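Hi,

Here is the structure I promised to pass on. Have a look, and then read on for my notes on its salt bridges.

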Amino acid sequence: MQPRNMSMSGVVDLAAVKAAQEAKAKAEQARAEAARQGGGAVSAVSPASLVIDVDEAGFESEVLQRSTEVPVVIDFWAEWCEPCKQLSPLLEGLAREYNGRFVLAKIDVDANQMLMQQFGVQGIPAVFAVVAGQALPLFQGAAPVEQIRQTLDQLIQVGEERFGLTGLAVDPDAQGGGQEAPAPAEVPAGPYDALLEAAVEALDAGDLGGAVQAYRNVLADDPGNTEAKLGLAQAELLQRVQGLDPQQVRKDAADNPADVPAQIAAADLDLVGGHVEDAFGRLIDAVRRTAGEDRDAARVRLLELLEVVGSDDPRVTAARTQLARVLF
């Protein structure tokens, strides 16, 4: 099971037809101009140039302009961030392994607060990408290497298919190179990796209780663990609907619009069934119609379901706005 924070849901916004066409045209124009200035020859880059440190002053040239040639993955990090010390070397090794299919830009958030705010970074490590001048979120927090590879493969595919970005030619003997590119860094297993892996295995095996407990064990020691929080929200949702009779639940909700527990149960089923907007709308209506404990129960469940879907989904943004209007 692939955690939600590793999804490429941001690509949906990126691929809006008009924006994609405009970005593709700009990328093609920039590549044509670069070819004219360079006499049409494509120069190879050194392996060392696949990983760069970027600040606010160089962001436009090092990231935005470069993204018209190759996808640029951005690693927001800080010296004091322990998970960053695991993720950053892993990303650097992958940049060399992919050999020019993407460039890694490292941004120190302590020295570049403006960039951090512009990207809406709320916690680190956080990884974004810029493709043909278009920004999209990739994931937050440390993640297993195979899941990162899946995300990078999707990113590269988007760059090739939508914007014609085929990457950079890499010359191992170019200045700054001259040596065989190092293998991807071996990153020590984090203190909770075994528990998180056990939780995912439990989910895949249908052992929802085991998955819930494994995620709770992580959060007991590390309450801010992003992957555990997301995984727990998903596992608890699946656990809640596991024993429900969908037909009866929906009948109860239809027959009793004022019954908040019935609406909450139906909203859980809506979300599991992929009816995201129906789930959110049902609970927003319950908040609007009720007061006291019932209203609070509907509000809390809505917030839990928003977490399951993820803040980068436009339906979540719309639901938060609607909830605020109802509450205030």
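Does Arg 320 count as buried or partly exposed? At 35% relative accessibility, Arg 320 is partly exposed (buried is under 20% relative accessible area, exposed over 50%, partly exposed in between, with a 1.4 Å probe and protein chains only).

Before the rest, some housekeeping. This is a predicted model, where local features need pLDDT of at least 70 and side-chain atom pairs count only at pLDDT 80 or more, while totals for chains, interfaces and linings use all residues. Residues are numbered from 1 along each chain as its sequence is written, and side-chain values use heavy atoms, with hydrogens and water left out.

Taking a salt bridge as a side-chain nitrogen of Lys or Arg within 4 Å of a carboxyl oxygen of Asp or Glu, the count is 17. One of them pairs Arg 240 with Asp 268, at 2.8 Å from N to O. Arg 240 sits in helix α9 (residues 226–241) and Asp 268 in helix α11 (residues 260–272), so this pair ties together parts 28 residues apart in sequence (helices are DSSP runs of H or I, at least four residues, numbered from the N terminus). Asp 268 is buried at 3%, whereas Arg 240 is partly exposed at 25%.

Back to Arg 320: its salt-bridge partner is Glu 307, with the closest N and O atoms 3.8 Å apart. Arg 320 lies in helix α14 (residues 314–327) and Glu 307 in helix α13, so the bridge links parts 13 residues apart in sequence. Glu 307 is partly exposed, at 42%.

Cheers

Notes:
Helix = DSSP H or I, 4+ residues; strand = E, 2+ residues; numbered from the N terminus.
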